[in-house]
Amino acid sequence: MILDLDIGNTLSKWRLKDSASSEIRSRGAVWTREEWRPGSDIPDLDVVEAVRISSVARRAVLQDTVTLLRRRVGVVHVARSTREALGVTNGYEEPGRLGVDRWMGTLASYHLAGGCCSVDCGSAITIDFVLPGGRHLGGYILPGLRLMKESLKLGTRNVAIDPDSEADELLAPGKNTVEAVNHGIYMAAVSAVNRIYAEVCDREGVAMPLLLTGGDARVVSRGMRVPHALWPDMVYGGLEACFPLTSAERAGRLSGAPRVPAPVALEKIRAGLAFSMLL
């Protein structure tokens, strides 16, 4: 089995992948803590032959995790943000400072769709662009839905937005404080993503495919105005592309990769942007 780890500042996700069939056998998530304990925080290591890790947690958390795993597993791959990988040139002035989860998502998206916009809707909402040809432009970081809600300190942090809600409902004025908060932060998030996508496509003169991932991707997806795809395993896809271990991965087939719809015409994006600027 292959153990893939996506260690975030808040949540750490894992999955077990069959190294022969490339099928996902199990998956889970735990809160990121100072110390990981075998049997509770991570799955049974007796069945694991290789590990791939993407981590944005504190350095000590990653070091402790790697030390633990290397005692039990023969092969441990740790992803790093580099100046260039898989045909993509990192757009950061200091490439190592780009969050490795963003880098993995960017590489996976480019591998799947070529020039693209990848959006990760987690604790923060991150938006990255890669032009056809592989030049990463850099990106944007916004507070995620939960962070925005916590910042208001109105006692609504534990009342989540229903991911099955219709966009029209979420964009309507709230009829109580919880609704007003949820609808307000939803409006802020989806408006920002829509506007940033349109602005960058307009400036660069190219309409790019759009992919969403992260815990709040489903709900943000409902407010997007352009065709897009949801890819929950986008960061894992980056690990697969960087460290291919199965025959399917070596052939370029990434787990759970969605069909990416073609973007709308650039002229339509520009027309919508011009209209919004008139309002």
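The model is predicted: local features need pLDDT of at least 70, side-chain atom pairs count only at pLDDT 80 or more, and totals for chains, interfaces and linings use all residues. Residues are numbered from 1 along each chain as its sequence is written, and side-chain values use heavy atoms, with hydrogens and water left out.

**The sheet**

- Five strands form an open sheet in the order β3-β2-β1-β4-β5, with mixed pairing. Two strands pair if DSSP finds at least two bridges between them. Strands (E, at least two residues) and helices (H or I, at least four) are DSSP runs, numbered from the N terminus.
- The edge strands are β3 and β5 (75-78), and each pairs on one side only.
- On average, neighbouring strands of this sheet are turned by 15° against each other, direction ignored.
- Strands of a sheet pair through backbone hydrogen bonds, either parallel or antiparallel.
- Strands β1 (residues 2-7) and β4 (residues 50-55) run parallel and are joined by six bridges. D4 has R52 of β4 as its bridge partner.
- Strands β2 (residues 11-17) and β3 (residues 24-31) run antiparallel, with seven bridges joining them. L16 has S26 of β3 as its bridge partner.
- β2 and β3 form a hairpin with six residues between them. In the turn, S22 has a positive phi of about 70°.

**Helix packing**

- Two packed helices are described by the angle between their axes and the distance between the axes.
- α2 and α7 pack at an angle of about 75°, and their axes are 7 Å apart. Axes are lines fitted to C-alpha atoms, for helices over the stretch in contact, and angles run from 0 to 180 degrees between N-to-C directions.
- That makes α2 roughly perpendicular to α7. Angles of 65 to 115 degrees count as roughly perpendicular, under 35 as roughly parallel, over 145 as roughly antiparallel, and the rest as oblique.
- On the α2 side, the contact is made by D101, M104, G105, L107, A108 and S109. On the α7 side, M234, V235, G237, G238, L239 and C242 take part. Contact means heavy atoms within 4.5 Å.
- α7 also lies across β1, β2, β3 and β4, running at about 125° to β1.

- The largest pocket holds about 1,300 Å³ of space. A pocket is an open set of points on a 1 Å grid over the protein atoms alone, with protein on both sides within 12 Å along at least five of seven lines; lining residues have an atom within 4 Å of a point.
- Of its 47 lining residues, L11, G122, S123, G214 and G215 are the closest to the centre of the largest pocket.
- α3 gives the largest share of this lining, five residues.
- The second largest pocket holds about 440 Å³. Grid points are joined across faces, edges and corners, and a volume is the space filled by probe spheres set on the points.
- Helix α1 (residues 59-72) gives the largest share of the lining of the second largest pocket, five residues.

**The cavity**

- The structure holds one cavity of 30 Å³ or more. In a cavity, a 1.4 Å probe fits but cannot get out.
- The largest cavity has a volume of about 60 Å³.
- α2 supplies the largest share of the lining of the largest cavity, four residues.
- Among the residues lining the largest cavity are D101, G105, M234 and V235.
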